[in-house]
Amino acid sequence: MKDAASPQVLLSEYRAPEWRVEHLDLHFALDPAETRVESRIRVRRVAGTEPGAALRLHGQDLELLRLEVDGKQPDADSVTEDGAGLLLAGLPETAEITIETRLRPEANTALEGLYVSGGSLCTQCEAEGFRRITYFPDRPDVLTRYRVRLEADAARFPVLLANGNRVDAGELPGGRHYAVWEDPFPKPSYLFALVAGDLACVSDRFTTRSGREVALEVYVEHHNRERCDHALASLQRAMRYDEEAFGREYDLDVYMIVAVDDFNMGAMENKGLNLFNAKYVLASSDTATDDDYVHIESVIAHEYFHNWSGNRVTCRDWFQLSLKEGLTVFRDQEFTTDCTLFGVKRIDDVQRLRAFQFPEDAGPLAHPVRPDRYAEINNFYTMTVYEKGAEVIRMLRALIGREAFRRGLDLYFERFDGQAVTTDDFVDVMAEVSGRDLDLFRRWYTQAGTPRLTAHTRFDPRNGELRVDLAQQTAPTPGQSEKGPLHVPVRVALLARDGSRLPVRLGDAPEATEWVLELTEDTQSFNLQGLREAPAAVSWLRGFSAPVLLDAGQETEELAQLCAHDDDAFARWDAAQTLLRRAVIARVEGGVDASLEAALATALAALLEDAAVEPVLLAALLELPSHRELMESFERADPVAVDAARRAVERAVFEPLAERLAARAPDRARWDDGAFTAQAMGQRRLLNRILALRVAVGATGAVEEASRQYREARSQTLSMGALAAINESSGPVRGELLADFERRHRDDPLVLDKWFALEAGSQVGDGFGRLERLLGHPGFRWSNPNRVRAVLGPFMAQNHRHFHRADGTGYQCIAGYLEYLDTLNPQTAARLAQPLTRWQRLDPGRSAQMRAALEELAGKNLSRDLADVVQRGLAL
């Protein structure tokens, strides 16, 4: 493998910078074919550093045209060029370094550094893209102020943007023009950004709580200007929420968002100039689903919240990535919960965590929230760093209380403003304001793996006491064979037969109806006192109080009681999930638990009859655990058999409820209005879920009903709901509707991605032939990450019959595509390769086939990104 011997970067070898950058001036002569960059770097040796310390300037794939130190060309023996860039020796205590480089943006398909998207020039510098623009100490703990001058052809690139505030602009000879931008706040190089293009600007204003006027500007291609309203409104809601909930106010004169078609990630929080994947900006009710609207709002908020948790206070090194990402995910989850999805946001987050992060934590790519080593940092933008990192923040708040947590955040931002810090610094502040000993809690940052908890209860009627015995264990993960106990907050409540919560005491604390049991040892017991009767059910892990797997051994009757009455939305949903999961596992293991499936049907029938159950919660209660989550229930499993068992349980449980489902379906005409409200979205979610179930169980007229919904739909939510419902139907309706959808939307890339995903993910017919046709479609581009992900992602995640074909054809097919994609975009190839690393969890035959495909890929000339994933996947 190319770069197979790439050295590991170790946290233990971190050293503070020996040189401080006092200022950076950048001058870009922009052109897609050839861009020239002149940088003037003013540096000063850090006090106490050895006088002979050399200055490291990182650089990658650069053409160096000029290098000067204090206006003179340095001696040849004082400059060393190596694989990491330049090393300058013999510098005086202060120096001004001038560097000129030449770039070729239109040839940059990796989409790191400066590249072309849709005719515009744009940048992506996180994590290490700035070194593809110029030589510089490209590390997050080197912060400085930037002054940027952009020059370009005025007709072709009338819009010139960079970080901060624009301080000058004007015309130049030869039809060119310029703009100068200054950012008053010091920042690391990964937050640098520029955009040059012919773009429309949709603008508005925001008045901060201190009375400052901020210009809000969203830049898009001209034909998309009518699809920015939701993004702007989401930004305004996020700005107000950050002031009210977290006390954070925006600090520049302008906040800019630019939507680009070709982007490796979701969005990037560059100071004052956020670059976004267009799918997280553009929306209208006839092109975007409710999920799209929610995701746009969430990502807009996430990037805005980074202004403080990531920009004003950034991470010292890339091992601390979750310091900014985990905290910011937590903040955007709180925003969506409070402003949009209310009770079910937590369920959505847990579904995602269980389907993606838990498998990551149990596989060969497992790593701590704060890793201690990496070969390629791009491969650590993971569910563990982001979503599990957010869960760690949430647990911290649960342990020290909301009021102390808010005071801690305020002190954190005040103390470390303008600095690059660590997760330990963050936890130190929380310990300081709360007075709590959080030393054991820090292990959540350093220990990989998902803890498994077991719970047992015993009621003593003589003294009205319920004894709770908890135990925890975390399985070995790569590089960590020994695990210690974690500080786990387990939120519990005891329910009476009518669903009301029973008041109890814990120790000397006053009586309460809900408790957080703090598990800090391998095994621990708690005594809940003051009960006059045995509880009918125990509500465990309420609100999903910790990212753990908990087995309380509850009987079907107790789980049905929770499903019917629990006032905690997550716990209620989780009870239903547990019952459904048990039914699927029974079928996979060769039996049918008829009594369990009958009990499930009875419990779900009661929910359908209960008008008090909110539609959005009911839709969640009617969902089966995902295939990815179910696979984690087995040491090894046949993924096709798991899929078949899941479908069989769905039919067995819901077929008797077909008429009840139809009766509970919301009025389609009333709710098909695309309104972005919790009520309307909940009704549409339930409508689509009921339609999908009725089609899946073969209810009379269900396919025709799906066809009518598609053809009459006014919103993309119901249009896509109909298509998703019939996507596994073998009759002619599926083909007719999908062909119609493709004809209607072939010129709209973001909507067409939905068609690609449906076609690639369907198990109907010849999946391999269809995959080849998709890759040969006129609208398919290997250079566009959204389009590639829309095809290869669903094929691997949903098309179990073809991807997991017993002869290994699916694995070999994907490996070949990844080898080609790696030559264009290593980041995207590495992320898409991750399903191939799960071979240890498959049945022996498929396991051998998947490993063989991975081994064959390992023998190719791979990028460092893909080689890292393949090596770890094979445990080499």
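Where in the chain is the place of Phe544? In this predicted model, Phe544 belongs to the loop that runs between β30 (537–539) and β31 (549–551). Phi of this residue is near 50°, a positive value in a residue other than glycine. Phe544 is buried, because its relative accessible area of 0% falls under the 20% limit.

A positive phi also occurs at Asp70, which is not a glycine and has a value of about 50°. Asp70 is located in the loop between β5 (63–69) and β6 (79–82). With a relative accessible area of 42%, Asp70 is partly exposed. Most residues other than glycine have a negative phi, and most peptide bonds are trans. A cis peptide bond is found between Glu126 and Ala127, with omega at about 5°. Ala127 is part of the loop between β10 (120–124) and β11 (144–153).

Turning to the helices, α6 (residues 402–416) and α7 (residues 423–434) have axes that come within 9 Å and cross at roughly 130°. The helix α6 is therefore oblique to α7. The crossing in which α6 passes α7 is right-handed. On the α6 side, the residues in contact are Ala404, Phe405, Arg407, Gly408, Leu409, Leu411, Tyr412, Arg415 and Phe416. Their partners in α7 are Asp425, Phe426, Val429, Met430, Glu432, Val433 and Ser434. By residue class, the contact of α6 with α7 comprises 10 nonpolar, 2 polar and 4 charged residues.

Key: Residues are numbered from 1 along each chain as its sequence is written. This is a predicted model: local features need pLDDT of at least 70, side-chain atom pairs count only at pLDDT 80 or more; totals for chains, interfaces and linings use all residues. Side-chain values use heavy atoms; hydrogens and water are left out. Axes are lines fitted to C-alpha atoms, for helices over the stretch in contact, and angles run from 0 to 180 degrees between N-to-C directions. Helices (H or I, at least four residues) and strands (E, at least two) are DSSP runs, numbered from the N terminus. Angles under 35 degrees count as roughly parallel, over 145 as roughly antiparallel, 65 to 115 as roughly perpendicular and the rest as oblique. A crossing is left-handed if the near helix is turned anticlockwise from the far one by less than a right angle, and right-handed if clockwise. Contact means heavy atoms within 4.5 Å. Ala, Val, Leu, Ile, Met, Phe, Trp, Tyr, Cys and Pro count as nonpolar, Asp, Glu, Lys and Arg as charged, and the others, Gly among them, as polar. Buried means under 20% relative accessible area, exposed over 50%, partly exposed in between (1.4 Å probe, protein chains only).
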